[in-house]
Amino acid sequence: MIDLRKELQDIMSLADTKRKLVFNAFEYIWKHPEIGYKEWKTSEYLEKEFSKLGYQVHTTRGIPGFIADLDSGRKGPKVAIMGELDALMCANHPDADPETNAVHACGHCIQTASMLGAAAVLKEEMVLKQLSGSVRFVAVPAEETIDLEYRNKLIHKGVIKYVAGKIEFLHRGLFDEVDMAIMFHADTSPDKLFKLIDGCDGCITKHIEYSGVAAHAGGAPEKGINALYAASLGLNACNALRETFKECDYIRYHPIITSGGQAANVIPDKVKMDTYVRASKMARMLEVNVTINRALAASAAAMGAHVDIKDEHGNMPFHSDRIMNRLCEKVMTDLFGDDVIEHLGWDTQSSDIGDLSTVIPVIQPLCCGAVGNQHGEDYYIADKEKCLINPVKILSALVYELLRSGAHMAKKVKANYRPLYKNKEEYFRTIDAIRIEKELVIYNPDDSITLDFHNPAFHCQK
């Protein structure tokens, strides 16, 4: 009979032996930050490290990222451990890349390093011989939904179909054999080791371009149409909608101007903006997006400008699998004792992990040890033991719990999971409809054209 507590302690000890591997990976990834679909150095580094461990690495066509499988040799479910490759941009961060402004102020660097550590632990014979089923390690690109103009160009060229990496991987079939998935995320807390969440918002991503007419700003401004003024009206109009958002829907809207003019003495003829519409329910997210588009279109009409809006599905709302979350809580307390977990409710961030959660059971526990404001210039990993080694221990022990004893717990998770969509094809039909209905359909009204604001797609009517 297996002494489970001893087995878990043995896994803890194995994880401790992987410190150098994990810390080295973290240091390399932190020093080489890359944003989504450009993570070539990060992916190559991890590919080599997985190969050194004896894994066969399968890369993806045209984009960074890979998968590597560990098979126990016994039938059972496949559990995925995921790690995100990408950084984001924060120019004022002291460790930001001076050329790209990229920096791991999101904490994704701990995910891939701890995924590598778990891959080393689970491959040990004393662990692997107790498992039934397999583990897929997924190094996935482009979780941060940024740099939308570049990603839209990739879509136009046929390199990718979706702006978010997990959705692209799902589309390419890299999750087809996966029955459930786990991923850690870094967080901050002075007195807890871990956090567990119920779920988080989804989002629609928006790239907006206002077009006007350039003219001499001092000599003949009357000959121009100021696209910046039109965009400013759009910002204010959308802000005026905030009081119509119900708190229970967890709505967030946060636009930025990525290009606002070229010279102070020229009336701006092109202004570009990126933003998200976030909410806790997909239906409400779509409804709010209609009101946002209406405000943006009316603001263009007020100035006689054009506005094109490129709407893409960003993320589905994420719902943590309850059975896996409870099992994760048990593992955390078994390994680290009571009162080490903070239980969070709903979170207003969003992630493409939500899209996976509509077709397979997924959890995303948080490990504490970071400090500063996430996505801010003061964010960094302060406690490597908490943020790197603790996740290796939990990931390894959680997979062990799922796949030991004939994979009893993993089979229970599968049996009790109720997907939002019957299959990935139904899921993709749903998100593709967002693109089909909203892509570049708002135009400048003139004497012969009006906008039908009651139609979510705002088609022109002559």
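Is tyrosine 28 buried, partly exposed or exposed, and what is its relative accessible area? In this predicted model, tyrosine 28 is partly exposed, with a relative accessible area of 24%, where buried denotes under 20% relative accessible area, exposed over 50% and partly exposed the range in between, computed with a 1.4 Å probe on protein chains only. Because the model is predicted, local features need pLDDT of at least 70 and side-chain atom pairs count only at pLDDT 80 or more, whereas totals for chains, interfaces and linings use all residues. Residues are numbered from 1 along each chain as its sequence is written, and side-chain values use heavy atoms, with hydrogens and water left out.

A pair of aromatic rings is described by the distance of the centres and the angle of the planes. Tyrosine 28 belongs to helix 2 (residues 19-31) and tyrosine 45 to helix 3 (residues 40-52), so the contact ties together parts that are 17 residues apart in sequence; helices (H or I, at least four residues) and strands (E, at least two) are DSSP runs numbered from the N terminus. Tyrosine 45 is buried, at a relative accessible area of 16%.

Phenylalanine 184 and phenylalanine 194 form a tilted aromatic pair, 6.4 Å centre to centre with 55° between the planes. This pair links distant parts of the chain, with phenylalanine 184 in the loop between strand 7 (180-182) and strand 8 (185-187) and phenylalanine 194 in strand 9 (residues 194-196), ten residues apart. Phenylalanine 184 is buried at 2% relative accessible area, and phenylalanine 194 is likewise buried at 0%. Elsewhere, ring pairs link Phe50, Tyr55, Phe66 and Phe137 into a cluster.

Tyr55 also takes part in a contact with a charged group, as lysine 123 lies over the face of tyrosine 55 at 5.6 Å from the ring centre; the criterion is that NZ of Lys or CZ of Arg is within 6 Å of the ring centre and within 35 degrees of the ring normal. Lysine 38 lies over the face of tyrosine 150, at 4.2 Å from the ring centre.

Side chains of opposite charge can pair when their charged atoms come close. The structure holds 29 salt bridges, each defined as a side-chain nitrogen of Lys or Arg within 4 Å of a carboxyl oxygen of Asp or Glu. Among them, lysine 18 pairs with glutamate 124, the closest N and O atoms being 2.9 Å apart. Lysine 18 is buried, with a relative accessible area of 14%, whereas glutamate 124 is partly exposed at 28%.

Within helix 3, the side chains of lysine 52 and glutamate 49 meet in a salt bridge (3.1 Å, N to O); these residues are three residues apart and therefore separated by about one helical turn. Lysine 52 is exposed, with a relative accessible area of 65%, while glutamate 49 is buried at 12%.

Definitions and conventions: Phe/Tyr/Trp six-rings, centres within 6.5 Å; stacked < 30°, edge-to-face > 60°.
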